[in-house]
Amino acid sequence: MNMNKVRWFGALLLVLALVPACGNKSVRPTSWQAEVVESLDGNRVRVNAIGVGDDTDEAKLDGFRAAVNRVAQDLVQSQEERFGWEASSDEVFGKAGQYIESYKIKSRRKEGDIDVKLTLDLVVNRKRLNDDLVAMGVLKAQRELLSDLKNPSIVVIAEDAVKTKAWRRLATDHVTGYLTTRKFEVLDEGQVTKLQGMSADTRAAVGTAPDAVAQIALQLGGDIYIVYDVKVDRAKVGRDGTVKASASARAFETTTARSIGSATGFSREYAATAGSDEKAVAEALSDAIDRVLVNVMDYWKDDAIKGFQFLIEVRGDFKGDGGEKIRRDIYRIVKETAPEFKENLATDRSLNYRVWYKGSNTDLLFALQDRFESATGRKLKSVSQNRKLIQLEVQ
Amino acid sequence: MNPPAVWSLGGGRFRIAGQTDKLTLFQAPGSMRQLFSLFLLPLLLAAPVAASASAFAAAAPEDGPPAADAAMPKVPAAAETPPAAIPAETPAETPKDAAKELGKDASVATYERKSISYLRTVRRAKVPDEFYAGVVRAVRESVELPRFDYNDISHLEALTPQEAAAAVREYLDAVKVERAREQGEYDLRFKDVVITGADLRRIADSAYLYQPSVDRFSLQRKRIVQYVNGKQVVSLRWVAAVSVSVRFYRVDFARGRAVEFKVLRASGDGSAGVGYGISHNQARREAVAGALGSIATVLRRDVRAVEEFKLLTPVSAAGFNGVTFALTRREGLALDQGFWVYDYFTDGRRQKAGYVKVRRVGDGEKRLDSDAENIAVSNGWRLEEGQLLEENPQIGVTLLVDGGVQRYRLQDAPALGVGDATTGIKARIEAGYSLAQATRVSELYGTLGLHFLAGGGFTEVGGELGLDKRLYFRRLVLVPGARLGYLKSYFDFPGATAPEIDPWATYTASSFGVTPRLGVEFFLSPAFSIGARAGYRAYTTQTQFELSSDDEESDTAPLDLGAYGFQYDPSGLELYGGIAVSF
């Protein structure tokens, strides 16, 4: 082999070594800086992102990736999903532009070693990203949840201060619509009035809930309830007024009134023209609800693995040895039927359990009745039931 | 031939004079010194302009001025000073300063629509009533550009700036919501135009007042005596000289006060001769109109150059040939308007990245953006999205000075002592004015030029009117064009033996014709270019000559020198090289 051939062969090897190196340029963001500004509706979010790169196109793409990553962080919550996201994120970053509905370069600056640094204002299509993550299996756990347990049903409750406002109906409708778009089952607080005719016994059972708002949620059978409040601040620019709303949203577990999360959202300051209050309220609420839903889904994905939560109220005479035996039987049956449970209250007249059960309220009711009858030969009579509450009486 | 206007220079400003004397310009060869001064003067002018004109792409970034410079206003409560005390102009600020003052990052600075109000013109100089309205109109048309909304407080008489500020505040308070609605963006979510508190504050805090004052107004009749070939020629002219200053005040909306921040000054001269069917009154009006035209041109450019009024916007899309950006006719964007393109650094410096010229103007209703062509790009081949465009105000006038050779054919005539000749040295000055606004044809220029040719035993003086179309290939420009011209040649025949020919006299003849031509220019900066041109002059041949005489009364019959075999055919190839300065 003469020297020329050796040189050509060496050059070929060098090219072959460099080609894959060039092709393997990372698609992961460099800046990783992005912040959700507001949720435009259930499907789209506005994000501010920083993009850096050798030139504007590269910096823009980096900003897109940072924004997509930020939105994805709100979608992947469980440990399993996070692992899935880590494994698949390169594929998503590789097509980050597909999730960007629009963008505007707010500033472009050159900086030190980084040639171009952009501040971008983007609208990210969260639904498209969510669908892709589900299709890629990253959100597989959620898909299973959706098929087996569905999303949590949520009761939306306005604070008393809101109830006097003219825009109260609009605010509730806005929150309801927003949650519905995100595929949540929403139970309207207004339906409570229809349940006023419930029996005194039921009212007594509901009365065991920790607070009045939880009682309403329990009556409606919601898994979670969200209490929102909106404050509208007014100011003046010359003779014209302005309106700015801030909304707070707090999410609770219905059965215990345990706080799941809370968030505050703000609107822009609008000129006080026709409909400006409503615009401000809607914008602030979207912002707050969107943020609190991250906490809700985080909680739900952990909790729903164990099944739906139910509150079981058993009434009877639990005094004396006979009563103690019945109580022990009921405890055993509940434990067999729904291994995940907690006893909330036990008195001579009633027992109150919180159980997690992978099935409907009727399945749970029948399972309890059948097991009790088999074990004791006595009957558990159903006094009343709704989606969250089963009330029984020992015959 | 009596051209209506000619460019003249003086007073440190580029001015348009009303009319000039055709005798002065076309009298040859006795007025050759005047002609040479016309050629040399632009060269002298071009030197400092070229030196000061920064190159298209500055190598070194521009440092932002110290933060203290940004603190405006420079002259607190200057509005309360007596009108006679005109404060010195505040140093020009950069966009960075303006943005800093607004609490913004300079790299995101963009033109936000301002509003302006006119305060009654102060007459520091005595202005005849017949001209006062014209002065006011000229100034107002120059200042009240489409980029401003106008706050009409004209129903309030004789306001001081402070009183006017309060009135503007009242006015704005009433209209600001509606104005914000006109400027706002439609939001599909709410199916309505969104008006935010920030919009209201921006409109409230973007109000300005301006008050012109006429500092000098002079209109004099002059008796001009000239000696041409030893004979006295007397003419009457009206000469106008007008100086105007315009004070700008920013309205502090919160306090309802006016704060002076800028003074612009402009002056102009104009003159018009009496006679040739022009009466004294007409000449007076034309002289004043010439001066006001000059003032208007300068003011219009200077107002656009005020930092707070400059059009600024980021590039919203960039391609190989040009950029797109969000300015439209609503801001008064015009075809062929030039914009510098800047890169900003995180430490506040900025660097020129290129230069673009507007090629399509959006109407602001259906099309909300406009396109510009890349003229210069400092780094690579294309500009980039997000780079900042900043207006480079110009008046659209180009002054060209060049020289070269002209081919012609001079038939030999031994009886006249003339031999064959084919090539002469030619010098030329030409002014071009952009016709883009009037014709909506990009880079179309109307030209008016004068030339002087020194040939074999004769001289030639001519004038040309023409059209040029510039075709840009970045900084290289192809310039096809055509000229309609008229020339007068001056022959001496010292070696003539023919009895009818006076060897001590000068004989003249005229030609006219057309010159198609093609030029190449290279722009060193937006204001300065070098170029070469080639054309073919097709003019009528001269055989009939007159004896040149300063005696207007003399009426000598033309001599047919063709009878001696003599003829001058000015047609032939022309080749030039020269420089051009754009204002």
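Helices here are DSSP runs of H or I with at least four residues, and strands are runs of E with at least two, numbered from the N terminus. The model is a predicted one, and in these terms chain A has 12 helices and 15 strands. Of the 395 residues in chain A, 50% are buried. Among the contacts in chain A with a separation of 6 or more, 66% come from residues 24 or more positions apart.

Val292(A) belongs to helix α10, which spans residues 276-304 of chain A. Because burial is set at under 20% relative accessible area, Val292(A), at 0% relative accessibility, counts as buried. Leaving aside residues up to four places away in sequence, Val292(A) touches Ile226(A), Ala249(A), Ala251(A), Gly261(A), Ser262(A) and Ala263(A). Ser262(A), one of these, is 30 residues from Val292(A) in sequence, while the C-alpha atoms of the two are 5.5 Å apart in space.

Helix α10(A) also packs with another helix. The axes of α7(A), residues 168-181, and α10(A) come within 10 Å and cross at roughly 40°. Angles under 35 degrees count as roughly parallel and those from 65 to 115 as roughly perpendicular, and α7(A) and α10(A) are therefore oblique to each other. Their crossing, that of α7(A) and α10(A), is right-handed. On the side of α7(A), the contact is made by Leu170(A), Ala171(A), His174(A), Val175(A), Tyr178(A) and Leu179(A), which meet Glu278(A), Val281(A), Ala282(A), Leu285(A), Ser286(A), Ile289(A), Asp290(A) and Leu293(A) of α10(A). Sorted by class, the residues in this contact of α7(A) with α10(A) are 10 nonpolar, 2 polar and 2 charged.

The crossing of α5(B) and α8(B) is right-handed. In α5(B), the residues Glu130(B), Phe131(B), Gly134(B), Val135(B), Ala138(B), Val139(B), Glu141(B), Ser142(B) and Val143(B) meet Arg284(B), Arg285(B), Val288(B), Leu292(B), Ala296(B), Leu299(B), Arg300(B) and Val303(B) in α8(B). This contact of α5(B) with α8(B) divides into 10 nonpolar, 2 polar and 5 charged residues.

Thr313(B) lies in strand β11 of chain B, residues 312-318, and is buried, with a relative accessible area of 3%. Apart from residues up to four places away in sequence, Thr313(B) touches Ala109(B), Thr110(B), Phe325(B), Ala326(B), Leu327(B), Gln387(B), Leu388(B) and Leu389(B).

Charged side chains come next. Side chains of opposite charge can pair when their charged atoms come close. In one of them, the side chains of Asp343(B) and Arg108(A) meet with an N to O distance of 2.4 Å. This pair crosses between chains, from strand β13 of chain B (residues 338-345), which holds Asp343(B), to strand β3 of chain A (residues 100-111), which holds Arg108(A). Both Asp343(B) and Arg108(A) are buried.

Within chain B, Glu443(B) forms a salt bridge with Arg359(B), with 3.0 Å between the closest N and O atoms. Glu443(B) sits in the loop between α9 (436-439) and β19 (444-454) of chain B and Arg359(B) in strand β14 (residues 350-360) of chain B, so the pair ties together parts that are 84 residues apart in sequence. Glu443(B) is buried, with a relative accessible area of 1%, whereas Arg359(B) is partly exposed, at 21%.

Glu430(B) likewise forms a salt bridge, its partner being Arg483(B), and the closest N and O atoms are 3.0 Å apart. The pair links distant parts of the chain, since Glu430(B) is in strand β18 (residues 421-434) and Arg483(B) in strand β22 (residues 476-492) of chain B, 53 residues apart. Both Glu430(B) and Arg483(B) are buried. Salt bridges that share partners join these two residues into one network with others, including Asp402(B), Arg428(B), Glu464(B) and Arg533(B).

Key: Residues numbered from 1 in each chain as written. Chains lettered and ligands numbered in written order. Predicted model: local features only at pLDDT ≥ 70, side-chain atom pairs only at ≥ 80, totals over all residues. Heavy atoms only, no water. Buried < 20%, exposed > 50% of the residue type's maximum accessible area, 1.4 Å probe, protein only. Contact = heavy atoms within 4.5 Å. Axes fitted to C-alpha atoms, helices over the stretch in contact; angles between N-to-C directions. Parallel < 35°, antiparallel > 145°, perpendicular 65-115°, else oblique. Left-handed = near helix turned anticlockwise from the far one by under 90°. Nonpolar A, V, L, I, M, F, W, Y, C, P; charged D, E, K, R; others polar. Salt bridge = Lys/Arg side-chain N within 4 Å of Asp/Glu carboxyl O.
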